[in-house]
Amino acid sequence: MQKFLIILFFIPFWAQAHSVHIGEHFSIRSIKEGLKIVHENDTLFVHSGWYKEGNIIIELPITLIGIDFPILDGENKFELLSIKSNHVLVTGFKIINSGFATTDDPCGIKIYDSKNVTIKNNILENNFFGIYLQYCKNCIVIDNTIKSKSVDEQQIGNGIHCWKSDSLQITHNVISGHRDGIYFEFVTNSLIWRNISYENKRYGLHFMFSNDDAYICNVFRKNGAGVAVMYTKKVMMFNNTFEDNWGDAAYGLLFKDISDSYLIGNKFLNNTTGLHMEGTSRIAIENNLFKENGWAVKISASCMDNDFKHNNFISNTFDAATNGSLVLNSFKENYWDKYEGYDLNKDQIGDIPFHPLSLYAVIIETMPSAMLLYRSFMITLLDKSEKILPSITPDNFIDESPKMKPYSI
Amino acid sequence: MLRIIKFVMQDIVKNKIVLFYTLLLALLSWGIFGLEDNNSKGILTLLNVILLNVPLVSIIFSTIYIYNSNEFIELLLSQPIHRSKIWISFYLGLLLALVLSFIIGAGIPILIFVPSVLGSMMVIIGILITAVFISLSFLSVVITRDKAKGIGISIMLWLFFALLFDGLVLFLLFQFSDYPIEKIMVIVAALSPIDLARILVLLYMDASAMMGYTGAIFKQYFGSNLGLLITFLLLFFWALIPFLISKKIFNKMDL
């Protein structure tokens with residue numbers, strides 16, 4: 001027993017990792033030098049300064065901590081940090097000016113085939129790609145600020161680019177000015193939480209072939225084309241905000257060939273098209289707010305079995321549009337501010353059904369040039385008469401039980 | 001000439017209908033901006049009101065006013081004053097009075113709530129629309145000496161530009177939807193002052209993004225500085241040409 005206690009007493013001393021300090025006032029001045037002398041599980045403290053060391057490759061499970069945000073400068077030539085080991089933590093760096101637009105996609109931080117890597121609290125500016133993860137598992141990207149000032153779409157990569165990975169957590173990052181804010185391709189079982197992605201050239205979030213993921217409480221603002229979720233199934237989309245995506249081809253959220261997903265509690269504010277759906281099926285769309293959009297929802301005739309329930313539609317130019325007469329989706333108990341019906345039995349449900357599809361929306365869909373007459377008195381008259389006696393709009397595109405008062409969302 | 005303008009202006013400003021018009025515009029503008037929490041939404045609502053009411057009042061009121069001033073015009077003609085001068089004075093007097101009431105009624109609230117390019121654009125458009133429809137009323141007055149007929153023509157003109165023209169455009173769009181008609185539509189839009197004004201304001205309200213390809217073409221034509229200049233020139237011609245025609249007829253008219 002005594003022997004065992006003695007062994008226990010000495011364990012912390014064996015397991016203790018070493019610390020290496022790097023900086024102007026220390027014996028080791030460059031990170032590359034520091035990396036040569038470290039062992040597994042050691043910690044490197046990099047003190048503030050301007051480090052121009054080209055490509056830094058991390059091949060051991062170490063912790064890399066920047067103190068007062070030391071600057072790693074790639075001088076527009078190199079990839080900066082390449083992580084090729086499991087169990088690495090990188091925190092507190094300012095990473096700027098990676099190489100640009102070459103075929104090997106130079107990045108601020110790139111993680112190759114690794115597990116349990118954490119990238120925390122870094123500032124990345126003016127890099128081609130910000131943070132790039134490929135064939136990774138259980139990695140965490142948290143609290144980073146990623147910015148790019150490039151003007152041309154071809155000259156920039158994505159903010160956080162994830163490729164063929166699993167179980168990632170992308171949390172509380174602020175991304176702007178990149179091509180796509182967050183890019184997911186073949187990524188499964190992952191979480192995107194509390195990120196702010198704004199003013200990116202293409203999509204705020206670009207999502208392809210990535211099943212069983214969730215994105216929650218993110219804000220996507222003023223991106224070139226909004227957010228795209230494509231060729232995917234089983235995605236949870238909760239409490240996100242899609243706002244100010246305004247332009248010819250901008251959508252708040254674009255669904256293309258996705259199925260079996262949940263879109264709940266999101267806010268769509270001031271987008272040209274709030275939600276655009278194509279080839280989409282079996283999606284529960286509940287408790288969302290569509291406010292001040294050009295089109296709140298555009299549902300193409302290739303969509304089926306989507307359930308719109310308990311949503312608020314407020315101050316949209318058009319609440320809905322569709323490109324055919326086939327309607328295989330259902331609308332139930334939504335609040336429409338354009339509803340003019342009554343509620344005699346006071347159960348908060350309107351007694352006559354609501355037709356979300358206005359005649360003008362149908363005309364626009366077949367003939368976009370008719371937008372010329374937007375806000376014309378003539379059109380208002382036509383819409384009113386169609387509301388009273390629907391003849392051209394599909395008669396099964398209705399909410400049988402419209403809510404009288406908006407939900408508090 | 002200045003004295004005639006002054007007399008006409010004073011006469012109109014004292015008129016109860018013009019006072020009512022000013023009050024109505026003021027009530028609508030303050031009311032709309034007070035009710036809408038979003039001022040740019042408010043301006044969109046106000047746009048409809050302005051594009052409907054301002055032409056109506058301008059054209060009907062001017063027509064009736066000129067018919068009622070028939071004896072005064074005859075009196076002036078017995079003096080050694082050139083006919084053109086009398087006609088121009090009447091036009092300017094009416095224009096100044098109605099523009100004044102538009103600025104007091106709608107212009108001030110618009111500029112207070114939306115002090116931007118859009119706001120000033122709305123005010124300029126309101127003034128131009130007033131000028132255009134007064135000019136049209138002068139034309140309908142010289143077409144016929146019969147007061148009832150003249151007012152009828154005025155109402156028809158207003159109805160045509162405010163309502164029927166858009167129906168016609170919609171019809172054309174349906175008939176020629178298989179052809180690339182976007183560029184032709186630009187010219188067609190220029191054929192109605194109200195449409196011209198509406199499109200101009202919509203382009204400044206970012207609504208062009210909703211118009212897709214058509215919006216892009218319209219932005220290309222009307223959105224640039226040159227396009228803006230051309231639009232204003234077109235509206236200006238709309239105000240000038242009917243008046244010049246009416247002046248020509250008036251000069252030769254047997255009173």
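Predicted model: local features only at pLDDT ≥ 70, side-chain atom pairs only at ≥ 80, totals over all residues.
Me: What makes helix 5 of chain B and helix 11 of chain B oblique?
Reply: Their angle is about 140°, with axes 9 Å apart. Axes are lines fitted to C-alpha atoms over the stretch in contact, and angles run from 0 to 180 degrees between N-to-C directions. Under 35 degrees is roughly parallel, over 145 roughly antiparallel, 65 to 115 roughly perpendicular, the rest oblique. The pair is therefore oblique.

Me: Which residues of helix 5 of chain B and helix 11 of chain B meet?
Reply: B:R83, B:S84, B:W87 and B:Y91 of helix 5 meet B:F243, B:K247, B:F250 and B:N251 of helix 11. Contact needs C-beta atoms, placed from the backbone, within 7 Å. These residues are four nonpolar, two polar and two charged (nonpolar: Ala, Val, Leu, Ile, Met, Phe, Trp, Tyr, Cys, Pro; charged: Asp, Glu, Lys, Arg; polar: the others, Gly among them).

Me: Why is helix 6 of chain B called roughly parallel to helix 11 of chain B?
Reply: Helix 6 (residues 117-143) and helix 11 (residues 225-252) pack at about 20°, with axes 8 Å apart. That angle makes helix 6 of chain B roughly parallel to helix 11 of chain B. The contact includes B:L128 and B:L139 of helix 6, and B:W238 and B:F243 of helix 11. Its residues are 15 nonpolar, two polar and no charged. This crossing is left-handed.

Me: How many helices and strands does chain B have?
Reply: Eleven helices and zero strands. Helices (H or I, at least four residues) and strands (E, at least two) are DSSP runs, numbered from the N terminus.

Me: Why is chain B called as compact as a globular protein of its length?
Reply: Its radius of gyration is 19 Å, close to the 18 Å of the globule rule for 255 residues, so it is that compact. The radius is taken over C-alpha atoms; the rule is 2.2 Å times the number of residues to the power 0.38.

Me: How many helices and strands does chain A have?
Reply: Four helices and 38 strands. Its C-alpha atoms fill a box of roughly 85 × 60 × 30 Å along the principal axes.

Notes:
Residues numbered from 1 in each chain as written. Chains lettered and ligands numbered in written order. Left-handed = near helix turned anticlockwise from the far one by under 90°. Contact = placed C-beta atoms within 7 Å.
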